Structures are given as C-alpha cells and as structure tokens.
Amino acid sequence: MKEGNILEIKDLCVNLMTVRGIIYAVQGVNLNVKEGEIHGIVGESGCGKSVSTKAVMKLHDEEKTEYTGNIDFLSSKGEVDIVPLNKKQMREIKGKDIAMIFQDSMTALNPIMKAGEQIAEQLRAKLGLSKTDAKKRALEMFEKVGILPAEKRYEQYPFEMSGGMLQRVMIAMALSCEPKLLIADEPTTALDVTIQAQILELIKDLQRESKTSVIFITHDLGVIAEICDSVSVMYAGRVIETGTVVEIFDEACHPYTKALLESNPKEGDQGEYMKTISGAPPLLYEKFTGCPYAPRCDYATEECQGALPETVVLNATHSVACHHYKRVRGEE
Amino acid sequence: MKEYVKYIGKRIIAMIPILLIVSFAIFFLLRLSSTDEAAVIIGERQATDELKARVTQEYGLDKPELIRYFDWLKGVVVGDFGKDYDSGQDIGELISSRIPVTLGLVLISSALGLTFAIILGVISALHRNKPLDTGISLVMLFFCSVPSFLVSVLVLLILTKFIPGYSFIGTYNNFGEFLQRISVPAVIMALNQLALLGRVTRSSMVSQLQAPYIVTANAKGLTDKDITYKHAFHNAVIPVLTVAGMSFANAIGGTVLIEQIFSLPGIGGLLVSAVQGGNYPVVQILVMFMLIVYLIMSLIVDVLYVVVDPRVKLQ
Amino acid sequence: MKANVKKRKSNNGVFFTLPVIVSGVILFLILASALLAKVIAPYDPEATDYSASLTRAFSAGHLLGTDKIGRDLFSRLLCGAQTSIFNAILIVAFEVIVGVPIGMVCGYFGGRLDDLVMRVWDVVCAIPSLLLAFVLVAAFGKGTYSGVIALGIVYTPLTAKLARSLIMTEKSAVYVEACKSLGYSHARIMFVHILPNIVTTMIAQFTLDIGSAITAMATLSYLGLGVQAPKADWGTLLKDGMSMLYLNPVLLIAPALAIMITAIAVNVFSDGIQAYIDPGQRKMPTFKKYRKKLLKSETLKSAEGAA
C-alpha cells in the first residue's frame with residue numbers, strides 16, 4: 001500500500017445473485033482513500049456506489065454475493081486485504097475500524113430497541129466496556145452529536161424521534177468506537193434541506209476533530225463541493241474519473257462528469273432549460289466490453305463500442321477512464 | 001406495574017358489554033328456531049297436556065322472550081345457571097366437573113404449541129431453503145392443512161391397532177389418569193397450533209432478517225447470535241403474538257371435536273349434544289364460558305404484546 | 001440484447017413450480033371426479049345391499065368395500081366429494097358476495113359506517129369461529145343449508161376485513177388520486193380501478209378458504225350438524241367410518257385421506273399463488289446452479305446454431 005493511504009480498492013468486482021439472474025453491480029473499481037480525507041463518491045442511482053462501499057464491510061449476503069479483486073485496508077492491527085477475510089475476522093474490523101452511516105435512519109435502527117442502548121450495545125461488544133461505562137460513553141456521544149437532553153433521549157425509541165435526530169443517533173453510533181474509516185451512504189438524502197445542512201456540518205466538524213477518513217456517497221454535487229477533499233465519479237459499476245474537488249469541478253476530463261456538472265443548476269441560469277443527460281444508465285446484467293457510457297455520449301466513436309477504456313493517470317491525484325479525454329479537455 | 005393492573009382492570013370492564021351483547025344475541029338467535037322447548041324438556045316421557053302445562057309453567061316458557069332473557073341473566077349473575085333440559089340437573093354442577101378436561105386441553109396445547117412453534121420457526125428461518133427448513137416446512141404444512149380432528153381419528157386408529165391395552169379414552173379417576181387421558185389429544189391440538197404459529201414465525205423471522213436494521217447491526221460488528229436473537233427475534237415475535245390469539249380461539253373450538261373423538265368428559269360432548277337436541281340453556285352457558293376463556297386468553301396476549309413491543313402503549 | 005431481456009423475464013416470476021403443478025393436477029382430478037361423480041360411480045351411493053355388507057376393500061365389485069348396510073364406499077366417496085366441494089363453493093360464494101362489498105365500501109369510505117361495521121365485526125370475531133358456527137346451526141336447525149349459511153356467516157367478517165385492509169392501502173395510491181381528479185364515480189374507481197389490483201391477493205385467500213370450508217363443513221357433518229343421512233359428504237362418511245373403526249377401518253381411512261389430500265393440495269396451491277405474488281418468498285438460485293443453467297442454454301443455442 002502507498003504511504004498515507006488508508007484504503008486501496010483494486011479491480012474490485014461484486015456480483016450479486018438476484019431472482020432475475022446475476023447482476024454485475026461492480027465491474028472493476030479502483031479507488032484510493034487517504035488518511036484523514038473526506039472522499040466523495042458520486043453517481044446516478046444504480047451505478048454501484050453503495051454496493052462497492054458495502055463490499056468494504058462485506059455487508060452483502062454472503063450466499064448471494066461474489067467478490068473478486070483486492071480491498072487493502074490499514075486496520076488498527078496493520079494492513080489487511082478484506083476480500084479473503086472470513087466472518088470472524090471481518091467482525092474484528094466492522095464497527096471498530098470501519099463504521100457506516102446509512103441513508104434511511106428510520107429503518108436502519110432497530111425499531112423496538114432504545115436509541116441509547118443501540119449505541120451502548122456496540123460499545124460493550126466492540127470495546128468490552130461494562131454496562132455503566134457503556135452508558136456513560138453513549139451519553140457522551142449523544143452530547144457530542146447534539147442529541148439533547150442526552151439522558152432523556154437515551155431512553156427513547158426510534159419511533160419517538162425525528163428523522164434528523166435519528167441520523168444523529170446513527171452518527172453517534174458510527175463514531176462511538178472511534179473508527180479509522182467512516183462510510184456515509186447518502187446520509188442526508190432522506191432529510192429535508194435545513195436538517196441536511198446541520199447534519200453535513202456535524203459530520204464535517206466531527207471529522208476535523210477526530211481525523212477519521214470518510215467515504216461520502218451522494219448523488220448531490222453540491223454536497224460534494226461543500227465537504228469533500230477528493231471525488232470519484234462512478235458510472236455503471238466503474239470509477240470513471242477521480243480527482244480532487246477542484247480538478248473534478250474545474251478540469252473534468254470525462255464526458256459523463258462534464259454532463260453531470262452541466263446538469264447541476266447554477267446561479268444565474270434563469271430563462272434557460274436545465275441541461276439533462278438523455279437516456280438512462282445501463283442495466284448491469286452483463287459485463288461490458290465497450291465503454292458503458294458510449295450510447296449516451298456526445299464524443300463516442302467506434303473505438304468506444306469496441307474496447308473498455310483504460311484508466312489514464314493524469315497526475316498524482318487525477319485519473320480518468322475515457323478514450324477521448326483529450327478531446328473532452330479541448331486539447332485536440 | 002400499577003399501570004398494568006389498571007389496564008387489565010379496564011379491559012375486564014370492557015368485556016362486560018361484549019358478554020352482554022353476545023349473550024343477548026345468542027339467546028334470541030336460539031329462540032329464532034322452530035324447536036319446541038317444552039317438547040325437548042319432556043323428552044321421551046308421555047307428552048300429556050297436563051305435563052306440558054306444568055313444564056311450561058316451571059321453566060317460564062310462556063313468558064315474553066325479553067323477560068325470559070333478563071330472568072336468565074339475573075340467574076347467571078347470582079350463580080344460578082338454570083336447569084338442563086335433558087336431566088333437570090343444575091347446569092353449574094353439570095359443567096363444573098367437565099371444566100378441567102377442556103381447560104387442560106386448551107391451556108396445555110396452547111403453551112406447547114406456541115413454545116415449539118417459535119423454536120421450530122426460528123430454526124427453519126435460520127436454515128432458509130436448506131433441507132432442514134424444507135423438512136420442517138413440509139411437516140408444518142401438513143399439520144396446518146389437515147384439521148386436528150382428522151389427525152385424532154387417524155391417531156386413534158393407529159393407537160387402538162398397536163397398543164390395544166392402553167387406555168387413553170373415557171373418564172378418569174385421579175390426576176395421573178387425567179394427565180394420561182388428555183396427553184394424546186393435547187399433543188395433537190398442539191401440533192395444529194404449532195403448524196400455524198410456526199409458519200408465521202418462520203416468515204416473520206425471514207422478513208426481519210432481511211430488514212435494514214439487521215444490516216446496521218451487522219455493520220456494528222455484532223456476533224450472529226446477537227443479531228439473530230437480540231435484534232431479529234425480538235422483532236419477529238410481535239406478529240406471532242397477534243396470530244397466537246387467533247390460534248387460541250381455534251383451540252377452544254377444536255377441543256369440542258377432540259373431546260368427542262376421544263370420548264373425554266369435557267364440555268365439548270355436552271355442547272354438541274345440546275346443539276343437536278335443542279338444549280338451549282346448556283348451549284348458552286357453554287358458549288358464554290368458552291367466550292370468557294377466549295377473552296381472558298386474548299387479554300393475556302394483548303398484555304404480552306405491550307411487554308414485547310414498546311410502540312404499543314397501554315390504553 | 002432484446003432476447004436477453006425476454007429470458008430474464010421468464011426466469012422472473014415462475015408460477016408453475018413443481019409443487020404448484022402437482023397440487024394443481026391433484027385438485028383438477030378431485031374436481032373432475034366430483035363433477036362426474038354420477039357418471040363414474042359404479043353403484044348408486046344410496047343403494048343398500050345387505051348381502052354384501054362390510055365387504056373388504058379391493059374385493060371384486062367393490063373397490064373400497066362397503067359399509068354396514070352394503071353401500072359401495074367408492075361411489076359414496078365420489079358423491080360425497082361432489083357434496084363437500086359444492087358446499088364449500090357455496091360457503092366461499094357467500095363470503096365473497098356478502099363480505100367483499102361490505103369490506104370494500106367500509107375501507108373506501110371509512111368514517112362512521114366503517115366504525116359501526118368494524119365494531120360489530122369485533123364482537124363477532126370475539127367468538128371462536130367453530131363456536132359461532134355451532135350457535136348458528138342451533139338457531140337455524142341442523143342440516144346442509146343451515147350449515148352452509150352458518151359457515152358463510154363465520155367467514156364473512158374475515159373476508160370483509162381483508163378486502164377492507166387491501167382497499168385502504170390502495171386508496172392512498174397515486175392512481176386512485178388520479179382517478180378522483182378525473183372525476184370518476186366512486187363505484188367506478190372501486191370496481192374498475194382498485195378491484196383488479198387487489199383481486200390476486202384475494203383469490204389466494206379464497207383458494208385457501210375453499211380448503212378450510214371443506215374441512216369445516218366436514219366437521220359439522222361429522223358432529224351430525226351438517227349434511228344429514230342418507231345424503232353423504234366426507235364428514236358424514238367419516239362419522240359412519242368412526243363407528244366401524246374396529247370392523248372395517250377403510251371406511252374411516254378413505255374419507256379421512258380424501259379430506260387430507262384435498263386440504264394439503266389446496267394449501268400448497270395457495271402457497272404457490274402467494275409466492276408468485278410476493279417475490280420476497282421466492283427461492284433464490286445459487287451461483288453454481290445459475291451458471292449451470294446459463295451454460296446449458298448457451299450450449300443449446302450453439303447446437304441450434306450449428307444445426
């Protein structure tokens with residue numbers, strides 16, 4: 001692993017078994033997350049962002065999932081490859097070294113267990129705390145994420161709390177064991193805009209304080225601009241472009257990234273039609289032999305149909321998977 | 001604790017209107033039929049006009065129905081359940097000796113059925129689509145679709161063929177014999193309840209194991225044991241309780257048949273012959289008794305519900 | 001690509017799984033033999049023949065033997081099937097005709113009417129169903145039709161509740177809002193638009209109900225409260241068989257098996273419908289099996305191509 005990286009995903013493929021057959025949900029993802037950064041993953045629904053990050057924690061049903069490739073992770077016990085780990089070894093990492101925040105906190109919390117207890121339970125299981133210590137620590141976490149009054153909230157059940165509060169509980173739970181990597185899977189999508197801003201602020205503050213690395217999944221480019229250091233853009237189960245926020249927003253090299261940015265409404269766009277990307281992302285029932293974006297791409301040529309574009313490294317932080325990235329940049 | 005007592009008290013008070021309405025409805029439903037009650041009372045005796053007049057007078061058959069209902073109700077409240085049309089015996093005495101069998105059957109079979117249903121349902125769900133699950137599911141499908149009186153008939157057939165000396169039917173003289181008599185029918189009734197509740201447990205457990213909060217629990221790095229029992233199981237039990245109330249009702253109805261088949265001295269045989277013979281006072285009292293048993297059991301289920309599910313409040 | 005889509009679809013909701021086919025065939029055979037009972041039956045089911053009383057099963061002339069007064073069991077079983085199934089259909093028809101409209105109207109309009117009906121239902125449901133049936137039979141007098149009506153009344157509240165809860169979930173669906181905004185009448189929305197969406201779930205329930213109606217009616221007949229002699233259904237046959245338990249157990253076993261097989265087949269069939277409606281219950285293929293299947297279909301295709 002490279003110095004300073006906490007997570008390196010190499011050629012990760014995830015195949016999911018469904019009633020309709022195999023879905024090749026992730027088809028060769030390469031992704032690096034540096035220590036202490038917030039790394040955004042952006043893409044349309046069904047592009048494999050959730051599936052690939054869930055694979056980092058191996059949260060998919062083992063009987064219905066196949067993994068290939070490498071997920072190298074710098075755990076508290078040193079470097080490990082997550083893909084070959086068994087259930088027991090995974091349990092050591094889950095919750096303690098890697099934690100996750102889910103999109104819909106209403107259903108992601110056990111409906112009939114007290115909110116505080118759901119955190120205390122994790123502290124007891126992962127850090128071996130006693131009942132009273134676990135409760136004390138859980139109350140501290142509640143205060144930290146702004147669930148007040150903590151004592152009263154500790155005793156409440158999820159159905160007695162609002163969506164924003166529940167997301168705070170999720171965050172408190174995820175950070176309670178001081179993980180090295182936090183995966184936030186669209187944590188603000190289900191919330192209304194004002195609460196969204198509060199939660200983003202909270203995640204940002206806590207991240208700055210604890211120096212935890214964060215993978216932040218979203219389909220909202222505004223959120224990316226606000227809190228991320230670097231970004232990966234995913235399309236049809238692959239990362240098609242990676243770079244720092246500045247590189248992605250100002251020097252996008254992939255036609256999809258460009259189209260995505262253009263479809264985001266900006267100030268002063270009055271009186272114009274919003275730009276959209278025509279067509280829909282492909283279904284992932286088979287592996288691609290050509291560029292999956294080609295049918296929707298303005299730059300597509302015959303070459304795109306025939307060969308999967310290799311990832312081209314442009315500089316230390318920026319890379320792109322497109323046959324025509326030079327033309328996209330306007331260099332040709 | 002205090003609020004539970006208050007809740008149970010409230011529920012018991014709420015039973016009174018139900019009992020009144022149902023008793024009223026039953027009383028008048030039974031009087032709808034064309035059965036001549038005096039003839040039922042006279043039975044095989046010579047039906048002279050004099051006897052008929054005496055019977056009509058003694059049982060108050062000539063009074064308006066509404067007055068007869070209130071007379072009956074008054075009697076029931078003070079513990080006078082009326083007289084059996086067949087034997088002229090006091091109904092209270094008639095049924096009190098028969099209650100242990102019926103109550104024993106219902107309680108033992110419900111307790112056994114619920115316990116094993118939950119155990120087997122969970123095992124089945126955890127081995128979903130594996131041979132063990134298929135086996136358990138098939139057995140449950142069998143006992144769920146085949147009514148318990150049929151199973152009893154076949155079991156009786158087999159038992160009389162292979163263990164001719166074993167006395168498992170008829171009356172009993174002491175507690176040991178009582179247990180011996182009701183063991184076979186209780187197990188058969190339990191199997192029926194087990195099948196119904198076990199299927200519910202399985203499907204409820206399967207869907208809970210796929211719920212999003214299980215993914216969260218998994219991401220927290222909890223052990224499989226904790227995920228299964230602390231999280232999924234607790235949630236899965238709730239719908240099982242709902243169906244348990246229904247299953248108890250089936251058991252109460254089912255004991256009527258089972259007692260008949262195993263010739264047990266319970267209230268089932270009494271009820272059937274009373275329905276057949278137009279012996280209405282007995283029908284009324286027995287139905288009310290079974291209704292009370294059912295209402296109490298469903299009250300227990302509801303209290304359990306509150307204990308298990310924090311979203312349900314006592315009200 | 002197009003061909004692929006088609007293949008996936010056929011792999012999706014499979015209705016004709018092995019259990020469904022087997023139970024379907026059994027049900028079809030039972031139904032057909034019940035319908036043609038009078039044609040198939042070798043004897044008049046009510047004809048007595050004292051010289052041939054209690055003939056053993058599989059003897060010449062009487063496939064399943066005869067009862068105490070020499071009636072042919074096989075013929076009686078066939079005609080009993082006709083009676084049993086016909087009665088069960090009557091019971092379910094009663095619950096559908098009475099229960100579904102009540103439930104739909106209550107669920108759709110809600111309000112005070114709904115409150116009132118549900119209050120009444122709650123009281124009715126408070127009585128265990130078999131007990132309620134007893135009381136009703138006692139009121140109507142024993143016999144086939146009072147048995148059918150009694151059981152119909154017992155089943156009605158449950159059907160109404162199902163229809164009500166189904167319609168209540170559908171009521172808030174967007175297409176209903178759309179219908180309302182188009183100014184359609186309530187009746188049209190209920191019966192033309194909502195009904196087709198809930199009918200599959202209800203059919204699964206009604207199949208199940210036919211099964212349980214057969215056994216419930218058999219129960220009443222067994223207790224002497226339903227079908228009366230000399231007419232026979234499976235319940236009365238069972239009752240007659242019970243008294244001959246030691247002399248000729250076939251008299252008991254045959255109707256018992258008939259009820260059992262029918263009940264199981266109905267349950268399996270209804271399970272099949274339910275699994276078809278609810279994809280969550282479908283069995284997932286494993287990777288290995290799926291690949292094998294893919295490989296097979298591909299070799300088939302290439303073989304076709306070669307030919």
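**Entry 1. Chains C and B**

I looked up the contact between chains C and B first: 36 residues of chain C touch 41 residues of chain B, where two residues are in contact if their C-beta atoms, placed from the backbone, lie within 7 Å. I note that this is a predicted model, in which local features need pLDDT of at least 70, side-chain atom pairs count only at pLDDT 80 or more, and totals for chains, interfaces and linings use all residues. Residues are numbered from 1 along each chain as its sequence is written, while chains are lettered from A and ligands numbered from 1 in the order in which they are written.

On the side of chain C that touches chain B, at least two residues each come from α5 (111-126), α6 (129-140), α9 (186-222), α10 (234-243) and α11 (250-277). Helices (H or I, at least four residues) and strands (E, at least two) are DSSP runs, numbered from the N terminus. I found that α6(C) supplies the largest share of this side, nine residues. By class, I recorded 26 nonpolar, eight polar and two charged residues on this side of chain C. Here Ala, Val, Leu, Ile, Met, Phe, Trp, Tyr, Cys and Pro count as nonpolar, Asp, Glu, Lys and Arg as charged, and the others, Gly among them, as polar.

**Entry 2. Chain B**

I then turned to chain B, which has 13 helices and zero strands. Its C-alpha atoms fill a box of roughly 85 × 55 × 35 Å along the principal axes.

The domain assignment gives chain B domain 1 (2-96) and domain 2 (99-265), with bounds from an automatic or database assignment. I noted 36 Å between the C-alpha centres of domain 1 and domain 2 of chain B.

**Entry 3. Nonpolar cores**

Which residues touch the most other members of the largest nonpolar core? They are Val283(B) and Leu286(B), in a core of 230 residues; such a core is a set of buried Ala, Val, Leu, Ile, Met, Phe, Trp, Tyr and Cys residues joined through C-beta atoms within 7 Å. This core lies between domain 1 (2-96) and domain 2 (99-265) of chain B, because both give residues to it. Not counting residues up to four places away in sequence, Val283(B) touches Leu30(B), Leu271(B), Ala274(B), Val275(B), Val135(C) and Ala138(C). Apart from this core I found another, of 15 residues, including Cys106(C) and Trp121(C).

**Entry 4. Chain A**

Strands β10 (residues 238-244) and β12 (residues 319-320) of chain A pair in the antiparallel sense over two bridges, and Glu241(A) has Val320(A) as its bridge partner in β12(A).

I also looked up β4 (residues 65-75) and β5 (residues 78-81) of chain A, which pair in the antiparallel sense over four bridges. β4(A) and β5(A) form a hairpin with two residues between them.

Terms used. Buried ≥ 20, exposed ≤ 12 C-beta atoms within 10 Å, placed from the backbone. Pairing = 2+ DSSP bridges.
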